[in-house]
Amino acid sequence: MRYLRLFALQLRTSLIFALQYRSDFAVDGAVEIMWAFASVVPLVVVLQGGRSIGGFSFGESLVVVAFFTLLKALLDGAVAPSIATVVEHVRKGTLDFVLLKPADAQFLVSTAKFYPWRAINVVTAMAIFGYAFRLLGRVPSVAAIAMALVLLVDAIAILYALLVLTVSIAFYAVRVDNLTFLLGAVFDAARWPGTVFRGALRVVFTWVLPLIVMTTYPAQALLGTLPWLTVVVSTFGAVAFTAVSRVVWVRAIGAYTSASS
Amino acid sequence: MRRVLGALLRLSFAEAAAYRIESLIWFLATTMPLVMLAMFREVAREAPIGRFDDSAFVAYFLCTFIVRTTTGSWASWQMNMDIRDGTLAVRLLRPVPPLWSYATDNLAALPLRGVVCIPVAIGMLVYLGQNGGGGRALAHDPRLWFLWLVAMVGAFALNVLTNLAIGCLAFFFESSLKVMDLYIAAFFLLSGYLVPIEVFPATLRPVLVYLPFHFQLGLPVEIMTGAHGVGAALRLLAVQWSYVAATLALTVVLWRRGLTRFAAFGG
C-alpha cells in the first residue's frame, strides 16, 4: 500500500516535470504518432494483394503490431528513462542518496522517471486494434480478451525484469547509456509475428529473450488460436524471469562500490 | 590546411578508438535491416515479390546494413548538444571551422565501422554462394562497383551535410532535435531502409526515387544488388550529387546566419 502511494507520487513528479515544457509535449506527441505510422506502412506495402507473414494475414499481423506499440510505449516511456536516470546516478556517484532513502532501492530506481507523452502510443495501439478487428470482421470473445490480458501482464513483468537486469549491468560497466538503445533495437524484433523467425532464433526469442511471448502470444490469444497451456507456461516463465532479475539485482547492488569512495 | 585536417583526423580517430565499445554497441543496435529481412523472407516464401526472392532479399538487406553502418551520421545530436550547452565556444576557438571538425569526427569512425562490416559481407557472400543466388543477387559489372563507390561517398556526404544542416537549426530554436526525429522517421520509411523502393506501389515509385532520402541509402544498395544498369546509375548519381551540392549550400548559409545568433550559453 505504501509502495502504491509512492508509485503515484513518482508518477506525479514526472508528469509535473513534463508539463513544464508544454510545446515539447505537443511536438513529441506528433513525432510518436509519426513513428507508429511508420511501423504500419511496411505491412501495408508488403501484404498488399493478400499475402501473409507465416500464416498471419494483414489483419492478424496488425494485432501483433498493436501489442508491440503498446509495449514499446511502456519501454520508451517508463523503462528507458529509468535506466538513463540510474546510469547517470552511478556515473556521478549520486546513487548513494537513492540507496539511503527508506524504501526498496529497486523500486525507487525503476520508477525514477516517466515520459508521460509516450502514453499517446496507447491510444495509437487501441486504434490499430480497432482497425485490425474491423478488417477481420469479428470481435474477440471474452475468454480471449481475458487470456490476452493475462499475457499482457506477463509481458509487462518480463519488460520490468529486463529493466532491472540492464540496470544491474550499469553497476559493473559504467558506460552503458546506449544500452537502452540496444534494448530498444533488440525489442524491434518483436514487431512482427514470431513466425518470421525460424530455427535457433525462434528458440532464443521464445525461451531466452522471450519477445515472442510478449507480442505474438497475446495477439494469438486475442485471435483465439492460443491454447490455455501456453498461457500457464508463459506466466510461470514471466514469474521466473522476474525472480531471476531480483536475485541479480540484489547481487549487483551488493557489489556496488559508489563512485565517491 | 592539409596539415590541420590531418591533425583533426588523427584527433577524431583517437576519440573513436577510445570509445570503441560504445561504437560497437551502436553497431549492434542497427538491427532494423535484419528484422525487416526476417519478415520479407517469410513473406517471399510463398512467392517472390517482384524481382525479390529469398537470395535477393538477403543481399538487399545485408547491403542495407553495410551501407547504413558505414555512411550513417550522428552529427546533428553532437551539434545540438554543443550549441545548447555552449561547448561550441571551445570548438570555435580552434583554428579550423567547427563544421570541419564535425565532418572529420564522422570520417574517423569509418575504419572501425568498416572492420565490423567485413564479417557481415563475408556471411552474405557465403550464404549467396551456398544458395546459388550469388549470380543474380549482386552486381557483376566492375564499372557498377566503381559507380557504387561514388554513390557511397555521395550518400556519406549527404548524410553528414543533412545532419549538419539540421544541427544548425539549434541556433534558431530549442527543439531542433525533434526535427531530426521527424526526418529520421521519414528516412526510415522512404529511403529503402525498411522497404525496398522497388517494392512500393508503381504509382509512388517515381516520386520516391527522386526524394533525397533515396540518395542517402537506397541508391548505393540498389547499385550493389544490380538493380540499375550503368546508364541509369549514372543518371541517378547526377541527381545525388546535385542534392549534395544543394545541401552543402544550405548548410553554409544556415551556419553563417546561425553563428551570428550564438551567444555561448554559460560562457
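In the predicted model, Cys63(B) is buried, with a relative accessible area of 0%, and Cys117(B) is likewise buried, with a relative accessible area of 4%. No disulfide is formed by Cys63(B), for which the nearest cysteine sulfur, that of Cys117(B), lies 10 Å away. The closest cysteine sulfur to that of Cys117(B) is in turn the one in Cys63(B), and the separation of 10 Å is too far for a bond, given that a disulfide requires sulfur atoms within 2.5 Å. Over all chains, the structure holds 0 disulfides.

The largest nonpolar core comprises 157 residues, of which Leu43(A), Val63(A), Phe187(A), Met36(B) and Met39(B) touch the most other members. The greatest contribution to this core comes from helix 3 of chain A (residues 58-92), which supplies 16 residues. When residues up to four places away in sequence are not counted, Met36(B) touches Pro42(A) and Trp192(A) as well as Phe61(B), Leu194(B) and Val195(B). A second, separate core of 5 residues includes Leu182(A) and Ala185(A) together with Ile25(B) and Ala29(B).

Within chain A, the axes of helix 9 (residues 199-208) and helix 10 (residues 211-222) come within 5 Å and cross at roughly 90°, and the two helices are therefore roughly perpendicular to each other. By residue class, the contact of helix 9 with helix 10 of chain A consists of 5 nonpolar residues, 1 polar residue and 1 charged residue.

How values were computed
Residues numbered from 1 in each chain as written. Chains lettered and ligands numbered in written order. Predicted model: local features only at pLDDT ≥ 70, side-chain atom pairs only at ≥ 80, totals over all residues. Heavy atoms only, no water. Axes fitted to C-alpha atoms, helices over the stretch in contact; angles between N-to-C directions. Helix = DSSP H or I, 4+ residues; strand = E, 2+ residues; numbered from the N terminus. Parallel < 35°, antiparallel > 145°, perpendicular 65-115°, else oblique. Nonpolar A, V, L, I, M, F, W, Y, C, P; charged D, E, K, R; others polar. Core = buried A, V, L, I, M, F, W, Y, C linked by side-chain atoms within 4.5 Å. Buried < 20%, exposed > 50% of the residue type's maximum accessible area, 1.4 Å probe, protein only. Contact = heavy atoms within 4.5 Å.
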